[in-house]
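Here is a short note for a first reading. Please keep the sequence and the structure side by side while going through the points.

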Amino acid sequence: EDAGYRTELERGLTPGTRPDVLIHGPVRTGVEVQRSPMTAAGAVQRTAKAAHAGVSDIWFTTAVTTPKWAWRVPTVLNRELGITGEGHSWERTPRRRSVTAAGLRTIGAARCTPEHFGRCPYGRGHCGRFHPKPEPWAGLSVDDVASMFPARLIVPLRFHGVRMLSSRHRDAVFLVPPDSASLYTELTSLGTAPSFSPSSEDIPPRRPTGR
C-alpha cells in the first residue's frame, strides 16, 4: 500500500488457493507466507492454481531450516540459508524496511574454470567458456520486493546448473532483475529467458508409472 497498490488479505482465487496478500499491480501478485512445512509439489500446485487465476505467486518464509519448496517456486527469505547468525526475530512485528530480503539473485558472467565453478554447468570438467553465475542480490528489503515484483522490476527466472540445498535438482527458480534475465538469455543462447511456468513444472507422480 505504501507503494501505491491496492491489497487484499486472504482473497480466495480458486478452490485450494488463497494468498495471504493479493497485490493489485501491473503484475497481480500473491504473497504466500508459509510458516508450516509444505512439500515442493504442494507449493508448485498452489502456484499453478494462482497462475490460472492470473496471479503470480511469490513465497516467503521465516523458517530456520530449508523449506522443501525453496527455489522450486519464486522464493523470498529473511536470511540466506546455510549462513548462521542471519535472520530476524518475528516475536514482534518489525519496522518498515527493517527486514532484509534474501534468496534473490543477480546474474553475472564467469569463465568456466575451477576458480568459478566446481564443475561445468553444461558438461563435464571445465570448458573455459563464459557461463551465467548467480550471486546474492544484496541491499533489498522485503518491502522492496513487495513494490518491485508487481512493477516487473523483479522477474522469475528458471536457472539451470545450480545444485539446491538439500535437493538433487539442478534447476532453480530465482527472482532476479530484468537485466540479469537478459544476460542469462545471452549467455545460454536462448531466444527468451526461461521464465517460471508452474503449470509445466515437474511434479512427482502420485502413483507408480509401471516399468
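Predicted model: local features only at pLDDT ≥ 70, side-chain atom pairs only at ≥ 80, totals over all residues.

In what order do the five strands of the open sheet lie?

1. The order is β1-β2-β3-β4-β5, and the pairing is mixed. On average, neighbouring strands are turned by 25 degrees against each other, direction ignored.

2. Look next at the β4 end of the sheet. Strand β4 covers residues 56–61 and runs parallel to β5. Three bridges join the two strands. Trp59 stands opposite Thr75 in β5. Helix α1 lies across β3 and β4. The helix runs at about 145 degrees to β4.

3. Glu32 sits in strand β3 (residues 29–33), and Arg46 sits in helix α1 (residues 40–52). Their closest N and O atoms are 2.6 Å apart.

4. How many salt bridges does a search of the whole structure find? It finds five. One of them joins Asp2 to Arg96, with the closest N and O atoms 2.6 Å apart. Asp2 lies in the segment before β1 (6–9), and Arg96 lies in the loop between β5 (75–77) and β6, so this pair ties together parts that are 94 residues apart in sequence. Asp2 is exposed, at 64% relative accessibility. Arg96 is exposed too, with a relative accessible area of 64%.

5. The loop between β5 and β6 also holds Arg97. Arg97 forms a salt bridge with Asp144, and the closest N and O atoms are 2.6 Å apart. Asp144 belongs to helix α2 (residues 142–148), 47 residues away from Arg97 in the chain. Elsewhere, Arg6, Glu8 and Arg11 are linked in a network of salt bridges.

6. Which side of α3 is buried? Helix α3 spans residues 178–188, and its buried residues are Ser180, Ala181, Tyr184, Thr185 and Thr188. They lie on the same side of α3, because they cover an arc of only 145 degrees around the axis. These buried residues pack against β6 (105–111), β7 (130–136), β8 (155–160) and β9 (171–176). The face turned away from the buried side carries the exposed residues Asp179 and Glu186. After α3 comes Ser189, whose phi is positive, near 60 degrees.

7. Now the cysteines. The count of disulfides is zero. Cys120 is in no disulfide, and its nearest cysteine sulfur, that of Cys112, is 3.8 Å away. Cys120 is buried, with a relative accessible area of 3%. The cut-off for a disulfide is 2.5 Å. Cys127 is partly exposed, at 31% relative accessibility.

Note on methods. Residues numbered from 1 in each chain as written. Heavy atoms only, no water. Buried < 20%, exposed > 50% of the residue type's maximum accessible area, 1.4 Å probe, protein only. Helix = DSSP H or I, 4+ residues; strand = E, 2+ residues; numbered from the N terminus. Arc of directions from axis to C-beta. Contact = heavy atoms within 4.5 Å. Salt bridge = Lys/Arg side-chain N within 4 Å of Asp/Glu carboxyl O. Pairing = 2+ DSSP bridges. Axes fitted to C-alpha atoms, helices over the stretch in contact; angles between N-to-C directions.
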